[in-house]
Amino acid sequence: MTRDSRKPLGLDDVFIVDCDVHANEPPEALAPYIDMPWRRSLELLGRGPQRYLDIPGYAPILNLDPPFPDRGLGNRTVTTARQMRDDLDELSIDVGILFPDNLLKIAVFPHVDYAAALGRAYNAWLADAWVSRETGLYGAVLAVPQDPKDAADQIRTYGADDRFVAVYLPVAGLRPLWGDRMYDPIYEAAEEMGLPVMLHSVGIIHPHFPFNLEHVESRIVRHPINHEFALMANLFTMLTSGVPVRYPDLEIVFTEGGVSWVPFCMWRMDKEYAEIPTGAPFLERPPSDYIKEMYFCTQPIEEPERSRDLLTMIDLFDGRDKVIFASDWPHHDFDHPRTVLNMPFDAELKRNIMGESARRLFKLPVPVPVA
């Protein structure tokens with residue numbers, strides 16, 4: 001049957017790759033996979049009370065906000081691969097790239113050995129219980145920033161498994177930022193294995209910039225600073241230390257920050273570079289050239305009053321094949337795929353954003369339908 005080209009694309013008309021879905025990993029689930037003596041810690045934590053992303057020594061949080069009824073926006077969790085596949089089917093999503101819940105905050109731990117052990121346990125648990133080409137659930141290898149050498153070993157181990165298609169770089173509470181040369185082993189391994197690196201932030205209050213927001217009274221202010229500012233700061237440092245020059249085959253992806261901040265970074269960095277090129281001595285081209293080669297996930301998608309302004313924003317950084325869909329399922333601020341499909345984009349751009357660009361980026365096959 002020939003499809004009527006005048007009819008708007010629907011969910012069933014596009015191949016959808018969701019570049020950010022979250023698997024819940026309670027401490028008791030990781031306990032069998034972690035080395036001693038840390039296993040005793042996770043077993044103990046698993047027997048205690050657990051609130052959402054609020055587990056001492058595992059998902060630390062400083063919550064300063066007075067509680068109110070959640071108006072139906074409370075966070076929920078996905079605890080099994082079967083549940084995730086069923087949820088994504090309800091949303092008409094073909095492929096999901098998995099990130100953790102609790103270990104979004106792994107960068108804050110000062111104990112290097114503990115952090116590295118958590119990373120190894122998470123990757124082993126993900127491989128054992130979650131990722132599968134048949135279900136269209138793929139993993140991002142957790143690269144623990146506290147131990148770049150161990151993280152590089154993990155990337156090489158799991159990068160050989162075609163069920164892992166990316167490397168997850170934690171951003172929340174990170175110090176130093178991802179432009180620091182200490183992380184070179186991670187970039188070397190990711191480039192060697194052909195895996196994109198995906199920076200993912202989360203809301204947190206922490207002494208490290210830009211998360212030192214304990215004086216800010218409203219989550220409405222803290223949330224965008226936590227996410228967008230953190231991604232911006234890491235992008236700036238990655239450029240000035242020459243990461244895209246030193247690793248020319250490395251694909252870089254920014255997750256959970258939307259896209260409206262990208263033109264600002266591009267123009268601002270070009271101005272600074274024109275005035276003080278010695279500030280980024282490794283760059284061989286203007287910073288905007290490298291930014292245009294990076295990828296940016298849609299969630300949380302901006303919804304301007306004039307919806308076509310979002311298309312203008314994407315075109316400002318030549319993003320028609322660099323913007324990729326993410327829902328952030330099942331978190332309270334997730335974006336339904338219809339959010340993007342309802343935008344005034346042409347059919348080719350919608351197909352690219354919803355899945356085709358991500359399929360090329362992650363080298364994904366067309367998934368086999370689940371019975």
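**Figure 1. Packing around the buried residues of helix α6 in the predicted model.** The buried residues of α6 contact α5 (148-159), β4 (164-170), β5 (197-200), α7 (219-240) and α8 (243-246). Helix α6 spans residues 184-193, and its buried residues are Asp184, Ile186, Tyr187, Ala189 and Ala190. Glycine 194 follows α6 and has a positive phi, near 70°.

**Figure 2. The contact of α5 with α6.** Two packed helices are described by the angle between their axes and the distance between the axes. For α5 and α6 the angle is about 10°, and the axes lie 8 Å apart. Angles under 35 degrees count as roughly parallel, and α5 and α6 are therefore roughly parallel to each other. On the α5 side, the residues in contact are Pro148, Ala151, Ala152, Ile155, Arg156 and Gly159. They meet Pro185, Ile186, Glu188, Ala189, Ala190, Glu192 and Met193 of α6. Sorted by class, this contact of α5 with α6 holds nine nonpolar, one polar and three charged residues. Ile186, Ala189 and Ala190 of α6 are among the residues that meet α5, and these three are also buried.

**Figure 3. The buried face of helix α11.** In α11, which runs over residues 308-316, Leu310, Leu311 and Ile314 are buried. Viewed down the helix axis, the buried residues of α11 fall within an arc of 100°, so they line one face of the helix. The elements that cover these buried residues include β8 (323-324) and α13 (347-362). Just after α11, aspartate 318 has a positive phi of about 50°.

Note on methods:
Residues are numbered from 1 along each chain as its sequence is written. This is a predicted model: local features need pLDDT of at least 70, side-chain atom pairs count only at pLDDT 80 or more; totals for chains, interfaces and linings use all residues. Side-chain values use heavy atoms; hydrogens and water are left out. Buried means under 20% relative accessible area, exposed over 50%, partly exposed in between (1.4 Å probe, protein chains only). Helices (H or I, at least four residues) and strands (E, at least two) are DSSP runs, numbered from the N terminus. Contact means heavy atoms within 4.5 Å. Axes are lines fitted to C-alpha atoms, for helices over the stretch in contact, and angles run from 0 to 180 degrees between N-to-C directions. Angles under 35 degrees count as roughly parallel, over 145 as roughly antiparallel, 65 to 115 as roughly perpendicular and the rest as oblique. Ala, Val, Leu, Ile, Met, Phe, Trp, Tyr, Cys and Pro count as nonpolar, Asp, Glu, Lys and Arg as charged, and the others, Gly among them, as polar. The arc is that of the directions from the helix axis to the C-beta atoms.
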